[in-house]
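Student: I am new to this structure and would like a guided tour. Could we take it one question at a time?

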Amino acid sequence: MATTFVHCTKRQCVNNTVLTPYEVTSKGAWCWFADPRAIHHQSVDGSINKSYIGYIDVHGNIKAMQHDFVTGESNEVLVRSYFQPDDHDNPTFLILPDDRVMIFYSRHTDEPCFYYRISTKPGDVSSLGKEHKIATKNNTTYPSPFILSDDPKHFYICWRGISWHPTMAKFTIPTSDDKTECVWGPFQMVQSTASRPYAKYASNGKDKIVMAYTTGHPDPTMPNYLYYNYVDINTLELKDVRGRVLSKLGEDLYHVAATAAYQESFSDAVVDASSLRNWLWQVTLDKDEKPLIAMVTINENKSSHDYYYARWNGEAWQKSFLANGGGHFHQSPNIEKCYSGGMAIDDQNTNEVYCSVPVDGKFGRVYEIIKYVLDVDGQICSSDTLTKNSEFNNIRPYVIAQRGDSPLKLTWMYGDYYDWIVSAKRPKGFCTGIRADYNVKRKLNISEGDDVLHYEDAQDKQVKRVFSLDPVDNFTVQLEASLDTANYWGDLITTECFSYGIDQHTLKAYVRVKDQAVYLSTNTFGNSDIWKYKPRATNGVWWNVSPYSSVSLTVSYSNKELITYINGAIDR
């Protein structure tokens, strides 16, 4: 991590850089408490140089966009269809020592497990293996995984788990068949006087997992303090910023409170003791491993959100005001009034902060992305409005983790937003897309010279489509189909080489090769649109699958590999 602080002779100079926004997907969103939601990975030999961006859409599809900087190809991958349509369920990534990519996801605190899938090929999420579960005793959400060099045979996950509090466990590195075991934990890390502390995590990559967290959710909690601790993975001790031991994880439970008495006893654990409502967006470390935090302070009636940059200067916590972020950014006036537009610190240039701020423009008052650069004293040196005259809000920015020298740096959500979950109350839900500062325009993996057979089904009923193909040559079959949802199974595509269809019992897509080997998809052939007609709740219920009434299918064969796509995303 490299940090370059600059000295300015003129304070708060304004630059005029215009960032070109590129669409990653037209349907996608994320919450900001499960990370890394996007990551870059370059292998030691340079053969892998890819970025991965994860999100969930309003249809309950968890997806990952993969961009390959070696080939220039981009592909969208369907990680899991038919999931709870809730933006808290966005996937997070972990790069394993053998370069395989592990993807985690979970429902929003109403199911006692995590799900994960691991790429079968190094660095290639289009080759995801089967879905597995990590069972937890308590309901879970927000998985944040880490591997540290002092313990390379294990990975750690931090999440909201036991008693809705920060929780941690240690697991074995997955085997070649994707199996992992919990060897330590899960253990609750702290105990607050409020019911739901909100935590963000980071690591130094070696021996520390750092954690910033609040007393509770800012909606009902005022005052809402902001705290900072870290875990030494060699001793499994929880410590404050100066290294004072606060507890031994698994043996003691460290208690925090938004009180003057607590602050007096544990002053180095308190980042900010505001009498108002603190929340946080990120914690990271500078090159000297001093912590930095992107935080927001919200007034009593929740109408005004102030963005701050907090840093430990070696002696005390220093707060720098960046901007007023307006009120809640979204289109629903009576819910989630503590939802700010969002903030992100560049962890490679930790004096640079990206904020979503309301700006008057061509389409009225719209949230734009503004970059702030701070000097060595923590004062704003310059600001730069990167998105301008946007039609819709630019919100929840995120800097790609571990990006190195990758030109893909910044991602964010773009569009209208009505709720964090799809329901009859607000069926539009989180109808945003994802944008980035680099063009990762996706394309199907179709080789030049392939035979492409395109079939558009204009009928209202499901029929068998028969194609004549040479199994030696490369080929692609594309089908725009209308389906009979009452008779939702059987072959959709039939050739001399293979058939593709929907299994009657599991409602998963299959490929049958020469009437012998059958390959069943991990994903259900349908989505979660039924949630639009159900009560707004995180109650653990799996509503019935919503069949596709129409679907775009592609089957591509090249270099002895068959790839299937559903609505443009790689399924198998």
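Student: Which residues does V283 touch, not counting residues up to four places away in sequence?

Tutor: Good place to begin! Contact here means heavy atoms within 4.5 Å. With residues up to four places away in sequence not counted, V283 touches K200, Y201, A202, V210, A212, Y228, L292 and I293.

Student: What kind of model is this, and how are residues numbered?

Tutor: This is a predicted model, where local features need pLDDT of at least 70 and side-chain atom pairs count only at pLDDT 80 or more, while totals for chains, interfaces and linings use all residues. Side-chain values use heavy atoms, with hydrogens and water left out, and residues are numbered along each chain as its sequence is written, from 1.

Student: Is V283 buried or exposed?

Tutor: V283 lies in strand β24 (residues 277-285); strands are DSSP runs (E, at least two residues), numbered from the N terminus. Buried means under 20% relative accessible area, exposed over 50%, and partly exposed in between, with a 1.4 Å probe and protein chains only. V283 has 3% relative accessibility, so it counts as buried.

Student: How far apart in space are V283 and A212?

Tutor: In sequence, 71 residues separate V283 and A212. From C-alpha to C-alpha, their distance in space is 6.3 Å.

Student: Which side chain makes a polar contact with that of T109?

Tutor: T109 is in the loop between β8 (101-105) and β9 (113-121), and its relative accessible area is 7%, so it is buried. A polar contact is a pair of N or O atoms within 3.5 Å; within protein, one must be able to donate a hydrogen and the other to accept it, and residues adjacent in sequence count only if both atoms are side-chain atoms. At 2.9 Å, the partner of the T109 side chain is that of R160.

Student: Which residue is joined to P36 by a cis peptide bond?

Tutor: P36 sits in the loop between β2 (22-25) and β3 (38-42). The cis bond has an omega of about 0°, and the residue it joins to P36 is D35.

Student: Is K560 buried or exposed?

Tutor: K560 belongs to the loop between β42 (550-558) and β43 (561-566). Its phi is near 65°, a positive value in a residue other than glycine. The relative accessibility of K560 is 78%, so this residue counts as exposed.

How values were computed: Helix = DSSP H or I, 4+ residues; strand = E, 2+ residues; numbered from the N terminus.
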